[in-house]
Amino acid sequence: MQNEVPPRLEMTGITKQFPGVLANDDVSFAIKRGEIHALLGENGAGKSTLVKMIYGIMRPDAGEMFWDGAPLKARNPKEARRLGIGMVFQHFSLFEALTVLENIALGMDGGLSSRALEARVREVLKAYKLTLDPHRVVSTLSVGERQRIEIVRALLLNPKLLIMDEPTSVLTPQEVTQLFKTLRQLASEGCSILYISHKLNEIKELCDTATILRGGKVVDECDPSKETSKSMAEKMIGGDLKAVAKGAERQFGEVQLAVRGLSLGRGHDFGTALKDISFSVHSGEIFGIAGVAGNGQNELLAALSGEQHAKADGVIELCGKPVGTSEPSTRRKAGLCAVPEERHGHAAVPDYSLANNGILTARHRRELVRSGLIKHSASHDFADEIIAEFGVMATGSKATAGSLSGGNLQKFIMGREILQTPEVLVISQPTWGVDAGAAAFIHQALVDMAQAGSAIVIISQDLDELLALSDTLSVINEGVLSAPMDVENASIEEIGLLMGGVHGETADSAKTLPTKPEAEHAVQV
Amino acid sequence: MQFRFEKRAEPSRIMLYATPVAAVLLTMVLGAIIFTIIGYDGIGAVREIFFTPLTNSLKWQDLAVKAAPLIIIGVGLSIGYRANVWNIGAEGQYIIGGLAATGVALLTQNMSGWWILPLMGIAGIAGGAAYVAVPAFLRVRLKVNEILTTLMLTYVAVNILNYLVFGPWKSPTSFGQPQTVAFNESQSLPYIIEGTIVQAGAPIAIIVALVAWFVMSRTIFGFQINTVGSAPKAAAYAGFSANKTILLALFISGGLAGLAGMLEAAGPFGRMVPQFPSNYGFTAIIVAFLGRLHPIGVLFAGIVLAITFVGGEVAQTTIALPNAAVGIFQAMMLFLLLAGDILIRYRVVRVVVAKGREAT
Ligand SMILES: Nc1ncnc2c1ncn2[C@@H]1O[C@H](COP(=O)(O)OP(=O)(O)OP(=O)(O)O)[C@@H](O)[C@H]1O
Ligand SMILES: [Mg+2]
């Protein structure tokens, strides 16, 4: 009986050319009703481009799409939504100055009164057990919380096809478990789901079918439940995946970064105050900070990078020198580089060329500026060096940061900071959105840096990543940092309990934390 | 068939430079049509306003005189606009700059020496910068929107000017005319071309544009201005202080407006009079945008706007076009330019309903 029903969405021969890049090359596949269909591929394989065409944001250069058997005529997202296509973007399109509810209202096509809308939003939040305060201003939300707005926005449509472009890269394990329940429920009600993720164990757990893209072409189709994460990753990259070698006998040296009693008021109404945070990181040590988004990670990163000043100079010590109230440039010169979680507009300027994005943070350490003058050729060389060493897919140092795929921009930013060989590197979400191969590469680069004597702080929501990389681990919750523990002896249950929840959510969900078999780590991380 | 806007991946460079040109050409076409419809010689209006100043070599010196202040102020404004600081009160800073220079001139009335003009220049720059300091600090300290404060202070400046020339600065020998004494030779700009009215303002405008070009494209300061303006969070992360940048951007735009004021006072006017405010400060806003907020673009845009001013005067006498016509042409130019800007960021896509394909 299923066979008589036309697929929900069918694509034939979809092709899309960007200047210098063939992003999609004759892509054909179909998504059945009620199917959870994974779209896999390396960074820059063309996944986001493909789904943007389904959602009517871009037009294919060639090829056709069929919706329930009839030609798909969505000329813009509004029409796509009317057909029942919902989408959660990799990069969110939210208005910073507006509240959650106002943002949702802007994305809705029907004229619902704000009270009725709020009731609907609260219904959805409750039904899918998502935590979000409809009246908070978006600029005060963490990336994870912003992602939740997009998910709610899509769910409000009662979609027939829900497209999710890396929806879980910034969700907590608890939220992921919850989201999967939601998605399965949606699928059982007949909604098809097109799911893009680099987390292959999630794909295995959730998806019925997977289509694999490489270089814009469909190279394989498989049943994830019959594959291992490693075998899928190898299909994606078309080669072997190397496991990260965590330099077994790393020697810790002097304390490079010492934070003593760092307290900061809430930067804005919904910021998280940092309360008496103390920790120290030695040369050669990787210090992991776990925690649910919105518990002070951004504030901590800003205090370390210098975007926020501590109350006294001595609160933060870098290689023995007090820097608590010095500017970001001063700290960089003294050896501290930092990467915030938001890439577009914070860690990088989308409209700037990669060369100029290099100047942004590397101008002192890589001497890209001399007596106030920009050294243009040096900055292009530096960008080219990053592109080559970190395998960034870009048309060159003149390409704008905004034209890179999500994972490639992340690789570029990581490369930019790592190639400055700072004494101390503080990174938020180092592998957010990068594919398995690139994640392994970044992890290896971090481990090598530590081996060479840098002190590294990794702030991440990805426990697997932290467990695989860090020597020492702390958990941040509501602005309080737990006592550091040795990763060797840490128990997942304990970490889960410490992680607590978002904004007062209780810790009982910690039990649902996944514990993954060791073998998965190399691939998953 | 339908049309819609699709965001361009990278704004096309050719379009970036083509739109200002297109805006000017379209202004001529629409202007000719509109003035014909309302009963004037539309073609003649366009000819007199846009071409006579170029074809009649007697008018070239007028162009240089008019373009200089527009360029100097426009360059300053464009630097501010790039930092996302919206100083629209350059007219006020121009007046105060002129007054500060006049103050120096009145103090040095009976003196002579090469140092007087530079001193007047410094006074002009300082006056313009000091006048914008008020909005600058209000913006940085209290987050008061600089659009309002800079604009409102323009009217204050006009009143200060009137107070001075009708009162304490009035020349004792002017037979009741509200004006200061005429500047002496050491207080007046030299003529750079014999037998013309072109004074030192024109070469200074070119130098200002070239220096600004260098600073904005080659120095980290220009990079800082652009970054703070286009991505404030990234700027903070990069270690560029937003407040310092805003202050500097405002001081530069105020200072250059003040310099233009000094050059006008010590140049064409030769003394301070109530007619000193000549809307250069406002017209320079159009110049800045028409020049794509790029110093060299501003140089050309300043000349284009100067053409309309000079041409407007020609058209008044030759075909009795009202003076307001020039304003209409200038406004039309800005409007068409801004409309064209949308086409730079977005491309119009013709959507053919049939197969769900696109035709661009
Ligand atoms: N607007 C654009 N202009 C030019 N090139 C683009 C543009 N958008 C994407 N590309 C290029 O097209 C290719 C595919 O990009 P896409 O964003 O679809 O990759 P992706 O599979 O989603 O990767 P990721 O996993 O990193 O998100 C990349 O090489 C990218 O640089
Ligand atoms: Mg993508």
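1. Where chain A meets chain B, the contact draws 32 residues from chain A and 24 residues from chain B, two residues being in contact if their C-beta atoms, placed from the backbone, lie within 7 Å. On the side of chain A that touches chain B, β4 (62-67), α10 (328-334), α11 (354-362) and β18 (373-374) each supply at least two residues; helices (H or I, at least four residues) and strands (E, at least two) are DSSP runs, numbered from the N terminus. By class, this side of chain A has 14 nonpolar, nine polar and nine charged residues, where Ala, Val, Leu, Ile, Met, Phe, Trp, Tyr, Cys and Pro count as nonpolar, Asp, Glu, Lys and Arg as charged, and the others, Gly among them, as polar.

2. Please keep in mind that this is a predicted model, in which local features need pLDDT of at least 70 and side-chain atom pairs count only at pLDDT 80 or more, while totals for chains, interfaces and linings use all residues. Residues are numbered from 1 along each chain as its sequence is written, and chains are lettered from A and ligands numbered from 1 in the order in which they are written.

3. Chain A is divided into domain 1 (2-237), domain 2 (242-335 + 422-525) and domain 3 (344-421), with bounds that come from an automatic or database domain assignment. Within chain A, 15 residues of domain 2 are in contact with 13 residues of domain 3. On the domain 2 side of this contact, α14(A) gives the most, with five residues, and the classes there are ten nonpolar, two polar and three charged residues.
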